[in-house]
Structures are given as structure tokens and as C-alpha cells.
Amino acid sequence: MTLRPDETIQKVLLSTPSRFVGEYEAEGVLLTHAWPGFHDRSASIRWQEGPASRRAYIFAFRTEVAEKGSGKPLPDYSPTGEIVAAYLSVLFGKRFDSHGLMEGAGFYHIPEFSQFGVLVNPSLPQNSHNPRKDFEIPLNLSETARLAPLLSSDSLPMDFVHTFQVSAKFYLQALQNFEKEPEIAYLHFISAGEILSNFHDFDKLDLLDDTTKEYLADIREGLNKGGKVARHIEGRLLLIKRRFVQTIVGLVDSSFFERSEAGDDGVGSFKAENFQRSMAAAYDLRSKYVHTGAPFGSWVSLQLGGRNTEVQVGKPVINDKGLSKVLEHAPTLVGLERVIRFCLLQFAVRNGAFVESELGIGDA
């Protein structure tokens, strides 16, 4: 019997600052624990909730035998680890990191361990050892079964799978930059929402505000060839922001506003009546940063009014009055993270990619 790795079995090392129990096993797939040395006393700090908390897991999966021949490259299965880490991050609302292959294509590999030396803020929802409050999923790896349709995506339309994968990867990249590059994290969250918005077909007139609709109507009625001119203008209008806002608002339902992680007093939590304006301000903040480079990371990271406030408590006092007005209504990083995760899971539910429990969506 050979001791060489089986070329049809690939193994990826994953880790997270959070704590999980259980394991997930299905046909051709296994997600289970990777244990530290039981006699290594220093490893105990990894098991406690704190800045150095980190647990490791193995995602193993079976593939077909790769075709061999001169000039044929070896298959690279490492991207699968990144995709699975993104899926798990969305499902549980926790940061997962992929450290690369340990075994792949019949070879042993050296994983990347640098993330094990990264300290995190354990009070942030994505790092804590507690389940999230909305779409509450127990921190048990067996719950991965809820995303079984995505792990064997033959039954799902590929345009949906690609959209969910890329959006989820941006969500995870935002979590990975959350504490060191807040502006970049904010942009990644917005990008995740933009990708979801491109999946939906919108009537352009539905994306226009009332004033613009009135102006276009005047053009149609008051100019020679007014209809042609109006259609040309409609086609040139930048409607990306409106698509983003409409998509987010359409994916968020009333339950979202009932399970905030901002605290029991509700001061720093989203309110349904202000939500659309808040999402528009989030996109404006992204645009202002991309076009002018105006820094805003410290404002969306401040924990004023509580540890995990979702909106600004008060109006930021800065010299740039335009930026101050946008920041006043834009969500914090914590708030935007909760929005994007909720939308990704709703997107999965509505497209048959999320397996509900007997008690309902997200119930344990």
C-alpha cells in the first residue's frame, strides 16, 4: 500500500478566530477539526475567546483523476479553499481564512500560517464565540449542510453560483481587512452588494427619481424627436447607485430590524424608516473615497454609543461638510457587514441554495 497522497483527495487548511464544534460530512466532502499538539500548553490561548483565539479545520474533498500528458498542467485546487472559506463566513457570520492546500493533486503542500499570528478584536461579531443574532446559525460545522446545494452546484444555475461566489469572496475580504484597512473593507462590502445588484433586471424607469422622470417627460413632449433624445439620455444615465440601493432594500425584510447586535436600547441600530437613505449614503461614501481619497475609516470604525453600533450616533464634526453629511447617514462598518451578510443569505434562500431548518430560516 502506497503512502503517497491520493491524487483524487484534496485537503485544505482553514481557520477562524471563532469556536466551532461538530463536523460536516457528505458524499465526497468532509469538514472537520485539525487539532494542535495536546501537550502544547501555549496552544490553550487559541481555545479561549480573546485577541489570539484561532481554531483550525480541514476541508477535504474528492475529485476526478486528472488527465496526464506532456504539456498538461497539474490542476490547482487551492481556489476551492478560498470559496469554501467565503461560504462559511457568510453562513455563520464569522471570519474564515484559507491557508492553502495540505495535500493536492497527489502531492503534499506547505500551508500559509501567517494568519495564526494576527490578533483580532474579540468583541466584533465576526470574531466572537457567539452565534450571530440575525440568521442565527449554531456554531456547529454540521450546519454547513444548509449550503449543500452550493457545495454540489450542479443543481443550481451557474449565473447564480458565480454571482454568489464572487459576492461572498468580497464579503470575506472585507472581514479580513475590517480591522486594519477600514476604507478597503467598506469598499469590499459595497462591491459585494453591487455584484448582487447586477444579478437582477431592473426597469430603468423604476431606478429614476421622480424629478428625473419629469424632466425626461418634458423632453419627450417638448422637443422634436424628443422620444429618441429621452431614450438616449436614459441609456447614458449612471444608475449603479440606484441598482445597489434597490437591491439591498429588496433583500432586507422586517425581521432584519428586530435582531440588531447594537444593543438593547436601539439607539445605534438600523431603523426601517431610515434604511434606504442609509444605504444610499453608504454608496455615496464609497464614491467620495474612490473619487477624492477622502479618508473616513476612523469614523465608520468608532464604537460610539456601544460596541457594535450600526449607524452614527450624532453628526461627525469635520471640516469637509459634504463628507460630514454623508457620514451622518452612512452605516458603520459593523452595520454594513450585517446588511451584506443578511442580503447574501436572503439571496441564497430565494434561489434555492439555502436549506432551511424545521424551525425556519436561521433557527437552531
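Here are some questions and answers about this model, which is a predicted one.

Q: Why is glutamate 310 called buried?
A: Its relative accessible area is 1%, and buried means under 20%. The value falls under that cut-off, so glutamate 310 counts as buried. You'll find glutamate 310 in the loop between helix 11 (297–301) and helix 12 (321–329).

Q: What does glutamate 310 touch, leaving out residues up to four places away in sequence?
A: The list is Ser260, Glu261, Ala262, Gly268, Ser269, Phe270, Pro331, Thr332, Gly335 and Arg338. As for valine 300, its C-alpha is 9.0 Å from that of glutamate 310, and the two are 10 residues apart in sequence.

Q: What makes the link between the side chains of glutamate 310 and arginine 338 a polar contact?
A: The distance is 2.8 Å, and the cut-off for a pair of N or O atoms is within 3.5 Å.

Q: How do you know how helix 9 and helix 13 are oriented to each other?
A: Helix 9 (residues 240–251) and helix 13 (residues 333–350) pack at an angle of about 70 degrees, and their axes are 9 Å apart. Angles of 65 to 115 degrees count as roughly perpendicular, so that is the label for helix 9 and helix 13.

Q: Which residues of helix 9 and helix 13 meet?
A: From helix 9 come Ile248, Gly250 and Leu251. From helix 13 come Val339, Ile340, Phe342, Cys343, Gln346, Phe347 and Arg350. Sorted by class, this contact of helix 9 with helix 13 has 7 nonpolar, 2 polar and 1 charged residues.

Q: Why are strand 2 and strand 6 called edge strands?
A: Each of them pairs on one side only, so "edge" is the word for strand 2 (24–26) and strand 6 (107–108). They belong to an open sheet of 6 strands, in the order 2-3-4-1-5-6, with antiparallel pairing.

Q: How do you know that strand 2 and strand 3 pair?
A: They share 3 bridges in the antiparallel sense, and pairing takes at least two, so strand 2 and strand 3 qualify. Glutamate 25 sits opposite leucine 30 in strand 3. The hairpin of these strands has 2 residues between them, and there glycine 28 has a positive phi near 75 degrees.

Q: What makes strand 3 and strand 4 a pair?
A: With 6 bridges between them, running antiparallel, they meet the requirement of at least two. Valine 29 has phenylalanine 61, in strand 4, as its bridge partner.

Q: Is threonine 63 buried or exposed?
A: Its relative accessibility is 17%. Buried means under 20%, so threonine 63 counts as buried. Threonine 63 is in the loop between strand 4 and helix 2 (78–92), and its side chain makes a 2.8 Å polar contact with that of glutamine 10.

Q: Why point out the phi of alanine 105?
A: Most residues other than glycine have a negative phi. Alanine 105 has a positive one, near 55 degrees. Alanine 105 is in the loop between strand 5 (97–104) and strand 6, and its 15% relative accessibility makes it buried.

Q: What about phenylalanine 135 and its phi?
A: That phi is positive too, about 50 degrees, although phenylalanine 135 is not a glycine. The residue lies in the loop between strand 6 and helix 3 (148–151). At 4% relative accessibility, under the 20% cut-off, phenylalanine 135 is buried.

Technical notes
Residues numbered from 1 in each chain as written. Predicted model: local features only at pLDDT ≥ 70, side-chain atom pairs only at ≥ 80, totals over all residues. Heavy atoms only, no water. Helix = DSSP H or I, 4+ residues; strand = E, 2+ residues; numbered from the N terminus. Buried < 20%, exposed > 50% of the residue type's maximum accessible area, 1.4 Å probe, protein only. Contact = heavy atoms within 4.5 Å. Polar contact = N/O pair within 3.5 Å; in protein donor to acceptor, adjacent residues only side chain to side chain. Axes fitted to C-alpha atoms, helices over the stretch in contact; angles between N-to-C directions. Parallel < 35°, antiparallel > 145°, perpendicular 65-115°, else oblique. Nonpolar A, V, L, I, M, F, W, Y, C, P; charged D, E, K, R; others polar.
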